[in-house]
Amino acid sequence: MTTYYSKDHEWISVEGGTATIGITAYAQEQLGDVVYVELPDAGKALSQGDEAAVVESVKAASEVYAPIDGEVTEANDVLADEPAKVNEDPEGAAWFIKMTVGNEGQLADLMDEAAYKAYIETL
Amino acid sequence: MSMNTQGRPTAAGDAGESFRPKTFTGNRGLDMEEPLIFEVGSLENCGVDLDEGDLPEFELGGHARRAEIGLPGLAEPEAMRHYVRLSRNNYAIDAGLYPLGSCTMKHNPRLNEKMARLPGFADVHPLQPVSSVPGAIELIDELAHWLMVSTGTHAVAMSPKAGAHGELCGMMAIKAAHTAAGRSPEIVLVPESAHGTNPATAALLGYKVVSIDAKDDGTVDLEALKTTIAEHTGNIAGIMLTNPNTCGLFERDIKEIADRIHEAGGFFYCDGANFNAIVGKARPGDLGVDAMHINLHKTFSTPHGGGGPGSGPVVLSDKLAPFAPLPFIRKTDDGLELVETEAATNDGEQPFGRMTAFQGQMGMYVRALSYMMSHGSDGLRQASEDAVLNANYVRVGLQDLMSLPFGERPCMHEVLFDDSFLKDTCVTTLDFAKAMIDEGYHPMTMYFPLVVHGAMLIEPTESESRASLDLFVATMRDLVMSAKRGETQRFSGAPYLAPRRRLDETGAARKPVLKWTEPEPAQVTPEAAE
């Protein structure tokens, strides 16, 4: 399993042909208390950069963008009832969606953990 | 300490006084602890004498009430007290400086109110015959005229009820124009510096929103715009841009942006919420704008927030004019004609439909026109200039202590700070805003725009005097220095002095209680129980 990070503060964990996507601990900290999560239905085709989900906190509503092309295979519907999970365990139980990896080449443009850590230091 | 003749302190507050009584009522002097109206009133009471009468139930068909609906009854003085007490906890522009950036809380001149209460305007009913309200029609037309003059445009749709409604109207006109020309482009460009309602409006109409990045100076990145236009050639419906933008900056490349969009076959929607910064200085029509809403409740001083409904007329370029929604006023040789139906339209008039049941916010039209006429063109220009001057006065008064995200350059009618000046103080933008409440100020807009970290957007408006601005600046400086000295308690627990302390916003959003629940089961009438 390899985990990648995007500049939009998403993490992408790839195992086999499936990518699990969520928002990073840094993102949840910046958002503050998350109060609402809107997820796509399974089967939705996404292109890199498309709006995949919406996460709303007491401060702001933000889009979660698809970091790669692919088709949504599963959404973490638990988040609809328990948005607080995003604050509690953003990089674990509070994953947003699972999707197919439509274009492996796009993964190369994402950051690894060390690069992402260095990136948020600059913000 | 000053004392009265009985030797009791006369000064307000607790200066030198450590004792604070814990009151029996929960009231703190004039700060009343007012319960909900359901808890004040009683289901058994009725505030008025109503004839019990024999209501013939059959006339209601199957809609007869089956159970008591549980409305509390109060005598008139009780109802009066309830609302007056609640109103004392309200903060309004009539009570103090209201620096809510992007919302333009400016003084509502009392002359406007007087005009709106003239019986000829106040008592008209939207269903009375048009022939009986020529004055009202003429007033709408007169206001429409001056809106077009001040924006340099060719038509105006008067009926939209507020800003976002106006945006929808403008974008529907744009969509109708594309449809009429046999085109169906799918993309609307929205810069990051636009108002949050802009992408929502485009999405509501089924458009795909493509975001345009901002440059480091907070304005639209023209190069990014050109690239995006090239990527989506032939598929661009238009752009929705706010100018002055939501960072309080004038988009200097606006003409170039307009030209590029027009070349790409798109229309230019300008969010006119910040028009109050440029009235009398620049005409959006000259800048290439095709559609723009005007918030009468911001730019033209009609009441705003709890004080009254919004009103968002949309000015349209000649290309979009034919698609203005019903109803509209047509000038003929015989005078003014109100066109209310498709059937009454002439050739060349292709309204995209109708957005409101009636003509729009008549009371706001009267107030807005009263504001325009009483100020004149020179007065309106001065209002814009003073709004910009006041915002810059606040900027200069605070920029050495607070942090400007885009450098020390002039702003328009609102000044945007970020939270980098609070770094390492353990005080957040939210804490800072709450501490302003203890100082008797409504907080500024926080955490918006999103392009700036921990944003604080301050719009003092033109109606504040220099003395008022000085006090505000001094208060803000005191708060900033307090935060920098490490006096975190003043912020972390704020507000201390408001009727309520820090509200549980997260709890309210996650588990909203939207309904008052009666402690006992609802009363059921004997008839319904049978």
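This is a predicted model: local features need pLDDT of at least 70, side-chain atom pairs count only at pLDDT 80 or more; totals for chains, interfaces and linings use all residues.
Where is the place of B:Pro327 in chain B?

**Stop 1**

Begin with both chains shown.

**Stop 2**

Seven of them form an open sheet with mixed pairing, in the order β1-β7-β6-β5-β4-β2-β3. Select β1 (155-157) and β3 (208-212) of chain B: these strands stand at the edges, and each has a single partner strand, so one side of each has no neighbour in the sheet. From one strand to the next, the twist averages 25°.

To locate one of the partners, select B:Ala155, whose bridge partner in β7(B) is B:Leu316.

**Stop 1: two cis peptide bonds**

Follow the chain onward from β7 of chain B. B:Pro327 is placed in the loop between β7 and β8 (328-332) of chain B, which answers the opening question. The peptide bond joining B:Leu326 to B:Pro327 is cis, with omega at about -10°.

Then move to B:Pro495, in the loop between α13 (489-492) and α14 (505-510) of chain B. Here the bond from B:Ala494 to B:Pro495 is cis, and omega is near 0°.

**Stop 2: positive phi in two loops**

Select B:Ser301, in the loop between β6 (291-293) and β7 of chain B. Phi is near 65° at B:Ser301, a positive value in a residue other than glycine. Is B:Ser301 buried or exposed? B:Ser301 counts as buried because it has 26 C-beta neighbours inside 10 Å, and the cut-off for a buried residue is 20 or more.

B:Thr104 belongs to the loop between α2 (76-87) and α3 (110-116) of chain B. Its phi is near 50°, a positive value in a residue other than glycine. B:Thr104 is buried, with 25 other C-beta atoms within 10 Å.

Keep this loop in view and select B:Ile93, which is found between α2 and α3 of chain B. B:Ile93 counts as buried, with 21 C-beta neighbours inside 10 Å. Beyond its neighbours within four places in sequence, B:Ile93 is in contact with B:Tyr98, B:Met105, B:Lys106 and B:His107. B:His107 is 14 residues from B:Ile93 in sequence, and their C-alpha atoms are 6.4 Å apart.

**Stop 3: a helix crossing**

Finally, select helices α5 (residues 134-151) and α10 (residues 362-398) of chain B. Their axes come within 10 Å and cross at roughly 55°, and the two helices are therefore oblique to each other. The crossing of α5(B) and α10(B) is left-handed.

Show the side chains where these helices meet. From α5(B) come B:Ala136, B:Leu139, B:Ile140, B:Glu142, B:Leu143 and B:Trp146. They meet B:Met362, B:Tyr365, B:Val366, B:Ala368, B:Leu369 and B:Met372 of α10(B). The residues of this contact comprise 11 nonpolar, one charged and no polar.

Technical notes:
Residues are numbered from 1 along each chain as its sequence is written. Chains are lettered from A and ligands numbered from 1 in the order in which they are written. Two strands pair if DSSP finds at least two bridges between them. Helices (H or I, at least four residues) and strands (E, at least two) are DSSP runs, numbered from the N terminus. Axes are lines fitted to C-alpha atoms, for helices over the stretch in contact, and angles run from 0 to 180 degrees between N-to-C directions. A residue is buried if 20 or more other C-beta atoms lie within 10 Å of its own, exposed if 12 or fewer, and partly exposed in between; C-beta atoms are placed from the backbone. Angles under 35 degrees count as roughly parallel, over 145 as roughly antiparallel, 65 to 115 as roughly perpendicular and the rest as oblique. A crossing is left-handed if the near helix is turned anticlockwise from the far one by less than a right angle, and right-handed if clockwise. Two residues are in contact if their C-beta atoms, placed from the backbone, lie within 7 Å. Ala, Val, Leu, Ile, Met, Phe, Trp, Tyr, Cys and Pro count as nonpolar, Asp, Glu, Lys and Arg as charged, and the others, Gly among them, as polar.
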